[in-house]
Amino acid sequence: MELNRISIHTPSVEIFQKITPTDTSTEEKTDSIQTSLYDQFSLLGDRINIRTIELTEGNLDFTSQQNENEVNNQKVSNTDFSLQNIALDNENKTFTYENIHLYSENLSIPIDNGFYTLDMETVELEDKEININRFHLNPLYSKTEFAYRHPKHQDWFDVIVDRVNIQDIDLPAFFLDTTLTIGKVTVDNPELQNFKNKQIYVPPKWMPMLYESIQKAPVPIDIQEVKVSNLKVIYEELAKNKTEPGKLVFTELNGVLTGVTNIVSYPEQYMRLDADGKLYGEGHFNAVWLLPVDSLNDRFILEAYLPEMDLTLLNEMIAPLATARLAGGEVTDLYFLMDAGSVGGSIDMLLLYEGLKVDIFKIQEGEIKSKKFLNFLVNAVVRNNNPNTPGNPRSKARHSYVVIKRDPYHSTFNYLWQLLRPAVTESVGISKTEQKIAGGIGKFFTKIKNTFSKKSDPKEK
């Protein structure tokens, strides 16, 4: 079949679909997507040649309603599309084209049954390059209301990105064998907010490691580089019987992830993330994270270095969760190396600090009051410095090496904390034996431990 031109000008389409329990249109659509490009067009002939396909100023408004409360609306506005010299050979399984162009404005795509809407200000595809401006994953409800409304009580997320640029995307390869091949992805000024409400019961669920989602992706992936610039992350957690969430803040995060693939080329092949940023806007750190490509190689390596930081900055996370705070302390050097897998792992840590002081308090009639006697006992156990006498060459620094078993019902990032927590505890002078002996005295550390520990409520995610 040969055609000279297919032109569609200023189409405007409005669709309303009411989904019933017996509606199988979604399943049929999924099956059709899984068939190859050649299978879909084979009825039109062994060879299809079209000189030009063009669409100008297209608008689509698609609404689907599952019940009175779930209405999803998908919009695509002012869309232009053109493609030239299309040649599809069903017999020899080849597909070629020239000069592909797509431009669209104000895209609005509901996901997760409408609990989020993916909004994009503009999307432009020009040959092998895609630009997306003002990307926003917009939640339907506020962070305090979301988990109550969601049927699975999932965490609340809000993601905003100024710009996403994708270069050297191989569309013919994707159409040929569904391999997603990309040269470089650049993400500018993203901001990620996450709110976890632990006051809501969530059934325990096995959590795969982060890299397993890439290993088990439904299509082959081969991305040479992903570069993220000026990322901001705000994580908040509302603990049981608390009124204010603890907050963990990372700013000015920059990272380059290379070799992003699930195509195994050689033994012990790793994806590599080089990153740096600031903790609470001040504590600058550097990290290297190696993630396995092969599912048979269940091992990741994370190395990080933080030269200095005011420890009282951590109170933004600690105080609301544990009714305790750090009254003083300064990191003078921190280095750790994690060597772990999905079952368990080890951490080697050197944490040097000065002037550490703990303050345990209670809220009474709206005022913060320190528990003086308990503070005296805790600060008698905790080492104020590491090494004990800074500047004295004979005073050796405490070094931590810890091995743990992973709790698979927590996320990868919680697993990192499972490794960090006991190493930090030992670094401040509370050995495993001393932690048992000083069980009552070390109440502060018990509170911190229970907040994040793998021994927390198994009903919590």
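The side chains of D339 and R299 meet in a salt bridge, with 2.7 Å from N to O (a salt bridge being a side-chain nitrogen of Lys or Arg within 4 Å of a carboxyl oxygen of Asp or Glu). The model is predicted: local features need pLDDT of at least 70, side-chain atom pairs count only at pLDDT 80 or more, and totals for chains, interfaces and linings use all residues. Residues are numbered from 1 along each chain as its sequence is written, and side-chain values use heavy atoms, with hydrogens and water left out.

**Salt bridges**

- Helices (H or I, at least four residues) and strands (E, at least two) are DSSP runs, numbered from the N terminus.
- D339 is partly exposed at 30% relative accessibility, and R299 is partly exposed at 32%. Buried means under 20% relative accessible area, exposed over 50%, and partly exposed in between, with a 1.4 Å probe and protein chains only.
- The structure holds 13 salt bridges.
- One of them joins R134 and D162, at 3.0 Å from N to O. The pair links distant parts of the chain, with R134 in strand β7 (residues 129-139) and D162 in strand β8 (residues 156-167), 28 residues apart.
- R134 has a relative accessible area of 39% and is partly exposed; D162 is partly exposed at 34%.
- R272 forms a salt bridge with D274, in which the closest N and O atoms are 2.7 Å apart. Both partners are partly exposed, R272 at 37% and D274 at 30%.

**Surroundings of E225**

- E225 belongs to strand β11 (residues 221-238) and is partly exposed, with a relative accessible area of 24%.
- Leaving aside residues up to four places away in sequence, E225 touches G183, K184, V185, V256, L257 and T258 (contact meaning heavy atoms within 4.5 Å).
- E225 and R272 are 47 residues apart in sequence, and their C-alpha atoms are 9.7 Å apart in space.

**Aromatic residues**

- The structure holds nine aromatic pairs. Rings of Phe, Tyr and Trp (its six-membered ring) pair if their centres lie within 6.5 Å; planes under 30 degrees apart count as stacked, over 60 as edge-to-face and the rest as tilted.
- F95 and Y97 form a tilted pair, 5.7 Å centre to centre with 45° between the planes. F95 is buried at 14% relative accessible area, and Y97 is buried at 17%.
- Y116 and F146 also form a tilted pair, 5.2 Å centre to centre with 45° between the planes. This pair links distant parts of the chain: Y116 is in strand β6 (residues 116-126) and F146 in helix α3 (residues 143-149), 30 residues apart.
- Y116 is buried at 7% relative accessible area, and F146 is buried at 0%.
- One aromatic cluster is formed by Y211, W289, F300, F413 and Y415.
- The charged end of R406 sits over the ring of Y415, 5.6 Å from its centre. Here NZ of Lys or CZ of Arg must be within 6 Å of the ring centre and within 35 degrees of the ring normal.
- The charged end of R325 sits over the ring of F361, 5.1 Å from its centre.

**Helix α6**

- In helix α6 (residues 315-322), N315, M317, I318, L321 and A322 are buried. They cover an arc of only 160° around the axis, which puts them on the same side of α6; the arc is that of the directions from the helix axis to the C-beta atoms.
- Just after α6, T323 takes a positive phi of about 50°.
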